[in-house]
Structure formats: C-alpha cells, structure tokens
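Please brief me on how this structure is put together. Cover strand pairing, domains, chain contacts and nonpolar cores.

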Amino acid sequence: MTVELAHPSTEPLAQRTSTEPAHPRWWFVNTTPGRILTIGVILATLGILSAFAISTTINERQHQLTTVLDHTEPLAFAAGQLYTTLSVADAAASTAFIAGAEPRPVRQRYEQAITDAAVAVTRASSGLTDPPLVEMLGRINARLAVYTGLIETARTNNRMGNPVGSSYLSEASGLMQDTILPDAQRLYEATSARVDAETTASAAIPAPVIIVVAATLGFGIFAHRWLARRTRRRVNVGLVAGGLAIAVMIVWVGTALAISTAGSRAAKNTASDSLRTVTGLAITAQQARADETLSLIRRGDEDVRKRSYYQRVEQMRQQLRDYQARTDNVDTSSLAQADQLLERWRQADERINDYIAVGNYQAATQVALGTGEDASTPAFDKLNDALSQGIQESRKQLRYDILSARRVLSGTTVGGAMLSAGAALAVALGLWPRMSEYR
Amino acid sequence: MSACAKNRQTVMSACAKNRQTVMSACAKNRQTVMSACAKNRQTVMSVCAKNMLRRTLSVLAATVALTACGQPADIAAPPLPTLAPPSPAGMEQLPARDALPPDESQSTCDRTASLRPFPTKAQADAAVAPIRDRKRLLVGLDIGSNLFSFRDPVTGEIAGFDVDIAGEVARDIFGTPSAVEYRILSSADRITALQNNAVDIVVKTMTITCERRKLVNFSTAYFVAAQRILASRESDIAGPSDLSGKRVCVVRGTTSLRRVQEIDPVPTIVTVVSWADCLVALQQREVDAVSTDDAILAGLVSQDPHLHIVGPNMAEQPYGIGINLANTPLVRFVNGTLERIRTDGTWNTLYRKWLTVLGPAPTPPAPRYLD
C-alpha cells in the first residue's frame with residue numbers, strides 16, 4: 001500500500017524568494033529575551049574580565065615582590081655589605097700600620113674585612129645584569145686585588161724597617177678612597193634604588209582592576225533594576241548571588257591589596273630608609289676611623305684628615321639625631337647608645353690631638369689603638385657593633401614588610417577569579433528562567 | 001672491513017682538517033670540535049656497517065663539525081676593561097716644555113753666607129726667649145726623606161740626620177733635644193710655613209738658593225749634597241743626557257726639579273709629594289729614574305738594592321736651616337748651634353750615625369758669614 005503525501009505548501013515557490021527578509025537584522029536583540037540574553041552575555045564577560053584583571057594584577061604584584069625578596073633586595077644588601085666591608089678594610093689596614101708590629105686582633109680584622117668584601121663581590125655579581133653595573137663591579141673587584149697587593153707591600157716594607165711603607169699605605173688608601181669606595185657607593189645606590197622602585201611599583205593603585213570591577217558592579221545593578229521593571233519580579237536570585245559574590249571579592253581582594261600596598265609602602269618609606277641611613281652611618285664611621293688612624297702616619301695631611309674626621313662625626317651626629325627624631329623609623333634599640341658612643345669617640349680623638357699638639361705621638365697612638373675605657377678603639381668598636389646590629393634589624397624589617405605584603409596576596413588570585421567566575425555563572429543561572437519565559 | 005677502516009681514516013682526516021680550519025676560525029672551541037669529531041667517528045662506524053658511501057660520510061662529518069663550531073664563534077667576547085695602574089697619592093705629570101737655560105741666578109748673590117753667631121750667651125738667650133716661653137721648638141720637616149727625616153717604622157717616631165740637627169738646636173734652647181714639635185710639611189709648603197710663622201725653623205734637606213733667600217732666611221750650610229740620578233741597575237741610564245725621553249720623578253717645589261728641566265730635550269717629568277713616593281713610582285715602573293741630592297737618593301737605595309746612584313754631580317746643593325726672613329736673632333742663634341756641633345764633634349757623630357752610606361765622614365761644611 002502506498003500513501004500519497006500532499007505537498008504542504010500551496011504557495012508557489014517563486015513567492016518565497018522575496019528580497020524582504022522576514023525580520024530586520026538583529027531583530028532578536030530588540031526583543032525582551034534578546035535583551036536579557038545580551039545583558040547576560042555582557043555581565044558574564046565583565047565577570048570574566050574582572051577575574052582576569054584581578055588574577056593578572058595580583059600575580060604581577062606577587063611576582064614583583066618575589067623578585068624583590070629573592071633577587072633585588074639580596075643584591076642591594078650585598079652591594080651595601082661590599083661598600084661597608086671595603087671601608088672596614090681601609091680603616092683596619094691603616095690601624096694595623098700605625099700599630100707597628102700588628103697585634104693579632106688588628107690583623108684579623110683586616111683579613112676578615114677583605115674576606116667579607118670578596119664574598120660580597122661574589123654575591124653582588126650573581127644578580128647583576130645591567131652592563132654598566134657589571135662593569136663597575138668588575139672594576140671594584142680588579143682594584144680590590146691591587147689594593148690588597150699594595151697593603152701587603154706597605155706591610156712588608158714596614159716590617160723590614162723601610163720608611164717607604166707609609167708611601168705604599170697612602171697609595172693604597174688613596175686608591176680605596178678616591179676610586180674603589182665611590183664605585184661601591186654608586187653600586188649600592190643603584191641597587192637600593194632598584195629595591196625602592198620595585199617596591200613602589202607594587203604599591204601602585206591597581207586602576208584596571210578598579211575600573212573593570214566597578215563596571216561589572218554598576219552594570220549588574222543596572223541589569224537588576226531593568227530586569228525587575230521588565231519582569232515584575234523584584235529580586236533575581238541569580239543576579240543578587242552574582243552581586244554578592246562580586247561584593248565578597250571586592251572586600252577580600254580590596255583588603256588584601258590594601259594591606260599589601262601598606263606593607264610595600266612601609267618597606268620603602270620606613271625600613272628601606274632606615275637601612276640606608278644606618279648603612280650610611282656605618283660607612284661614615286669607618287671612614288672617620290680611617291681619617292683618625294691615617295693622620296697618625298703623618299704625611300703632612302693631618303689637618304685635612306682632622307677636618308675630615310670632625311666633618312664626618314658631625315654628619316653622623318646629625319643623621320643620628322634626624323633618625324631618632326623620626327616617628328616612623330624601625331625600632332633599632334641598638335642605636336640608642338650610638339650618640340653617647342660617638343661622643344666618647346670624639347673625646348678620645350680630642351685627646352689624640354692634644355698629644356699630637358705637644359709632639360707626643362707615642363701617647364697619641366696609644367689612645368688611638370689602646371683598649372682602655374677612654375681610648376678610641378673601644379668607643380669605635382662599640383659604635384660599629386651597634387650600627388651593624390642596626391643594619392641587621394632594618395634589613396629584617398624590610399624583608400618582613402615585603403614578605404607580609406606578598407603573603408597577604410596569596411589565595412586572592414584563585415579566590416578572586418573563582419568568585420568572579422561564580423558571579424558570571426550565577427548571573428547566567430539567574431537569567432535563564434527569565435529567558436525561558438519567552439519561549 | 002678494510003673499506004670501513006679506510007672510511008674511518010678519510011673521515012678522521014676530514015675531521016683533523018676541520019679541526020684545523022675550525023681552530024683558526026674559533027680558537028677557543030677546540031673542545032667542542034673535538035667532541036664533534038669523536039661523535040662523528042661513532043656515526044661513521046655505524047654507517048660503515050650499513051655500507052654507505054664514503055663521500056657522503058666525509059661531507060656529513062665536515063658539516064657536523066662545522067655546525068658544532070659555528071655558533072660559539074659568532075659570540076663576541078665583551079671588551080675587557082683596562083684600569084690605570086696604581087700610582088702614589090698625588091702623583092702628577094707635568095706638561096711637556098722646552099729646556100730651561102742653565103741656572104745663573106746662584107751667582108747673583110752670595111747664597112751660603114749667613115749671619116755671625118752672638119758673641120755672648122745673654123744675647124743668645126734673649127733671641128730665643130719667645131720659643132722658651134712656648135716650651136717647644138716648632139720644626140718643619142717631612143717623613144719621606146729617608147736618612148734625613150723619616151718615620152721609623154719600628155718606633156713610629158720621626159728620625160734622621162735633619163731631626164737630630166733640629167734636636168741640637170732644641171738642646172741649646174731647652175737643654176734637651178726632645179722639646180721639639182714636628183710639623184710635617186711638603187717641600188712646596190716649606191716657605192709659606194716659615195712666612196706664616198707656623199714653624200720656627202725648617203730642617204728639611206732645604207737647599208739654599210738666591211730666590212729662596214729673598215723670601216726666607218738661612219743658617220750657614222750644615223750639609224752639602226750633590227744632585228745625581230737614581231735608576232734601576234738593569235737600565236742604561238748613566239748620566240743626565242740619558243734621561244731625555246725617559247720619565248723622571250721629582251718632588252714638587254724642589255731645586256732638583258729646576259735642574260732636571262735644564263736637560264735638553266726635557267725628560268717627561270712626574271711630580272709627587274715626597275721622595276719616598278718617587279721610590280714607589282720607580283718600583284711600580286711609573287718612572288725610569290729619580291734625580292735629586294745624593295743624600296736623599298742614598299736613603300732610597302738603602303730600601304731597594306735593585307737601584308743604584310749614577311751620573312756626575314749635576315748641581316751642588318748646600319742645605320741650610322730655613323728661618324723667617326725677619327727673625328735674624330734666631331738665625332744667629334742657630335748659627336751658634338751649628339758652630340758648636342762643627343767644633344765639638346757632634347756633626348761627625350751624627351754623620352756616622354746616619355750617612356755612612358755616602359762614604360766616610362768628610363769635614364763639616366765651613367761656615368761663611370756676611371758680617
């Protein structure tokens with residue numbers, strides 16, 4: 001049995017090829033379900049954009065802080081150590097020279113300073129990539145080798161009773177003070193400026209995140225009100241849930257970013273400044289000590305040395321006073337006694353000058369090198385210890401600040417992204433029933 | 001098998017050839033290339049088993065070897081910096097100039113003639129009353145002139161012939177040679193220090209010249225030195241004329257500088273702060289020679305046996321004690337001291353104490369007086 005099926009269309013085929021489309025283009029967008037769908041797509045896109053902006057910004061920030069912690073800060077610290085230990089070496093070498101037969105502790109201090117400087121060069125070299133800085137470090141390293149050679153020549157001549165030893169010593173000291181130390185200072189300044197720059201970068205206001213999240217929130221509120229008017233349902237659970245997710249994310253990520261930024265700011269404005277001030281103090285102290293001991297070698301530059309010593313001591317006193325007057329400095333209790341130690345040292349130096357004025361160099365040297373309570377060495381040593389401790393404390397604070405700035409961000413990347421994506425999903429789920437009403 | 005061995009040889013020679021080419025192309029990559037060759041040999045042997053063509057193999061070996069060396073050869077080593085050699089603190093090179101005419105100015109005055117000592121002790125005492133009130137004699141000297149004034153490395157004290165002469169002056173004033181305060185002066189500062197009364201006397205290998213006589217006063221000569229040349233034993237410098245084209249070290253503000261500038265053509269002159277710095281410059285090969293008074297050069301030679309003093313007496317250098325131009329009573333007093341040490345044998349004792357390297361003690365320079 002065969003069944004004949006009639007053609008459903010009774011109209012002629014030619015009629016269907018009219019030039020007029022059945023609906024104008026994008027007609028669907030202008031219908032209510034179309035609008036709901038469009039709003040849904042935009043909201044979802046904004047949600048995903050927020051997730052993206054948050055995760056990249058925070059990732060970037062964490063990465064920057066990790067770079068500072070693992071790379072830039074240790075490099076700056078190594079450069080600071082290099083600068084300090086070179087100054088220690090110079091002061092120790094001239095002290096050893098005027099000490100005549102070089103007592104064991106005096107010799108050891110010089111040797112330790114050279115070891116420390118060599119290690120600091122190695123540490124600094126492992127992180128330097130900037131060609132001019134690499135070259136600078138190369139120069140420091142090359143000249144350090146020359147410097148130790150000159151010091152040993154001075155020492156040998158001194159031990160053999162050749163007066164030319166003092167010429168070698170002043171050549172070495174001139175090399176250190178006129179060439180090596182300025183290079184070391186530039187290196188230290190360049191590297192610590194980089195720590196500051198990178199820390200500052202991670203404390204910037206995250207504009208893209210704020211814009212995208214604000215746009216998402218604003219459009220969400222608009223969408224919710226529009227939908228309430230159009231569908232006569234006061235609350236859309238999906239949109240509200242999405243909004244809540246965004247709100248939670250704003251609070252969470254916002255707080256984390258605020259704390260992190262505060263940490264970064266503290267690291268730069270307080271800890272980094274403290275570290276730089278205390279490092280500067282420690283270096284000035286060593287240079288003043290070098291002035292004090294070199295003036296006892298008597299090459300005719302005593303007046304210059306003496307002036308330079310008083311200038312440096314005055315500079316240190318001013319820096320100490322400024323530092324302690326600050327309210328936001330790192331609590332470096334070790335520096336509390338520094339002012340008194342500085343004063344004691346200066347008094348010892350005045351006694352040295354008094355002895356020199358009456359031509360009693362033996363007694364002057366005794367004051368400079370002696371271990372008595374009113375001698376120069378104990379005051380200088382204690383001051384130096386206090387400053388070294390201050391450097392350690394400031395550095396600890398700096399690293400702690402940066403570390404906490406990074407720690408507070410951990411989890412926010414994933415959390416923020418998930419909440420944003422969740423918001424997008426909630427919006428989709430909330431809009432779907434409204435869409436399906438227009439089937 | 002014989003074909004295979006032959007094959008290996010060819011490839012090996014190709015390798016060796018490669019190595020040569022490669023080595024000239026990139027000298028430092030020998031290791032890479034050699035390992036490439038070793039690798040090639042292995043490849044080649046397995047290929048040999050498979051009866052591949054000999055030519056293909058050698059070409060392959062060459063290609064591999066060349067590829068292996070090609071890349072590192074392109075990396076240019078960063079330029080190595082050259083640093084200035086270390087030099088004594090304050091060393092400077094004078095600009096080149098034409099030779100100065102021989103110094104005639106010393107004949108314009110009677111430079112070694114000084115004032116006669118006081119005839120009575122009362123007059124002498126009156127002359128040094130201000131110094132006696134101060135309880136110290138201020139003496140200007142330096143510490144870089146070995147044998148005359150230098151820092152004794154063992155004691156840290158300043159010692160030397162000049163120091164002891166100053167001590168004798170102090171002995172006549174205070175009864176003890178230790179009532180002395182030293183002011184370390186560079187040679188260029190000696191005259192200003194006297195003019196400013198920063199020191200009472202300058203006892204610092206100071207040559208009496210007519211120009212200086214116009215600025216400061218001098219005692220009678222207490223030592224006569226001869227300007228000569230200090231050079232390395234291995235150098236061919238034997239006299240002033242050999243210095244042309246060489247680098248010569250002198251201390252700024254000394255008469256030695258002027259005499260070196262009279263050499264035609266003028267050597268390259270390097271100036272420093274003290275004579276000990278000249279020794280450093282010589283030892284560090286910054287200069288070829290030092291030219292100054294034999295007495296100072298002897299102090300440098302005693303610290304370095306690789307040096308010797310050469311050449312004739314280029315200029316006679318009578319040393320005097322410098323005193324402020326206006327302080328003629330002190331000049332007479334100091335001349336009294338010098339008179340004493342010449343006659344009582346102190347001068348000879350001091351000479352033997354410090355200057356025996358210059359030969360046996362001569363007679364002290366005879367005093368000459370204006371009045």
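Strand E10 (residues 223-232) of chain B pairs with strand E13 (residues 289-293) of chain B in the antiparallel sense, over five bridges. Strands and helices here are DSSP runs, numbered from the N terminus: strands (E) have at least two residues, helices (H or I) at least four. Two strands pair if DSSP finds at least two bridges between them. This is a predicted model; local features need pLDDT of at least 70, side-chain atom pairs count only at pLDDT 80 or more, and totals for chains, interfaces and linings use all residues. Residues are numbered from 1 along each chain as its sequence is written, while chains are lettered from A and ligands numbered from 1 in the order in which they are written.

**Strand E10 of chain B and its partners**

- In E13(B), B:Ala289 is the bridge partner of B:Ala231.
- E10(B) also pairs with strand E15 (residues 316-319) of chain B, antiparallel, over four bridges. There, B:Ala226 has B:Glu316 as its bridge partner.
- Strand E14 (residues 307-310) of chain B is joined to E10(B) by four bridges, and the two run antiparallel.
- A residue is buried if 20 or more other C-beta atoms lie within 10 Å of its own, exposed if 12 or fewer, and partly exposed in between, with C-beta atoms placed from the backbone.

**Two open sheets in chain B**

- One open sheet has five strands in the order E7-E3-E8-E16-E9 (chain B), with mixed pairing. Its edge strands are E7 and strand E9 (216-218) of chain B, each pairing on one side only.
- Within chain B, strand E3 (residues 137-141) and strand E8 (residues 201-202) pair in the parallel sense over two bridges. B:Gly140 has B:Val202 in E8(B) as its bridge partner.
- Helix H6 (residues 161-174) of chain B lies across E3, E7 and E8 of chain B and runs at about 165° to E3(B). Axes are lines fitted to C-alpha atoms, for helices over the stretch in contact, and angles run from 0 to 180 degrees between N-to-C directions.
- Another open sheet has three strands in the order E4-E5-E6 (chain B), with antiparallel pairing. Strand E4 (144-145) and strand E6 (158-159) of chain B are at the edges with a single partner strand each, so one side of each has no neighbour in the sheet.
- E4(B) and E5(B) run antiparallel and are joined by two bridges. B:Ser149 in E5(B) is the bridge partner of B:Ser145.

**Chain B overall**

- Chain B has 13 helices and 17 strands. Of its 371 residues, 44% count as buried.
- Its domain assignment gives domain 1 (2-74), domain 2 (108-223 + 319-369) and domain 3 (226-310). Such bounds come from an automatic or database domain assignment.
- The C-alpha centres of domain 2 and domain 3 of chain B lie 26 Å apart. Their contact takes 16 residues from domain 2 of chain B and 19 residues from domain 3 of chain B. Two residues are in contact if their C-beta atoms, placed from the backbone, lie within 7 Å.

**Where chain B meets chain A**

- 28 residues of chain B are in contact with 31 residues of chain A.
- Strand E5 (149-151), strand E7 (180-184) and helix H10 (275-283) of chain B each supply at least two residues of the side that touches chain A.
- That side of chain B divides into 16 nonpolar, six polar and six charged residues. Ala, Val, Leu, Ile, Met, Phe, Trp, Tyr, Cys and Pro count as nonpolar, Asp, Glu, Lys and Arg as charged, and the others, Gly among them, as polar.

**Nonpolar cores**

- The largest nonpolar core has 168 residues; A:Leu82, A:Ala172, A:Leu383, B:Ile201 and B:Cys249 have the most contacts inside it. A nonpolar core is a set of buried Ala, Val, Leu, Ile, Met, Phe, Trp, Tyr and Cys residues joined through C-beta atoms within 7 Å.
- Helix H1 (residues 32-98) of chain A gives the largest share of this core, 18 residues.
- Domain 2 and domain 3 of chain B both give residues to this core, so it lies between them.
- A second, separate core of 29 residues includes A:Ile36, A:Ala51, A:Val212 and A:Leu239.
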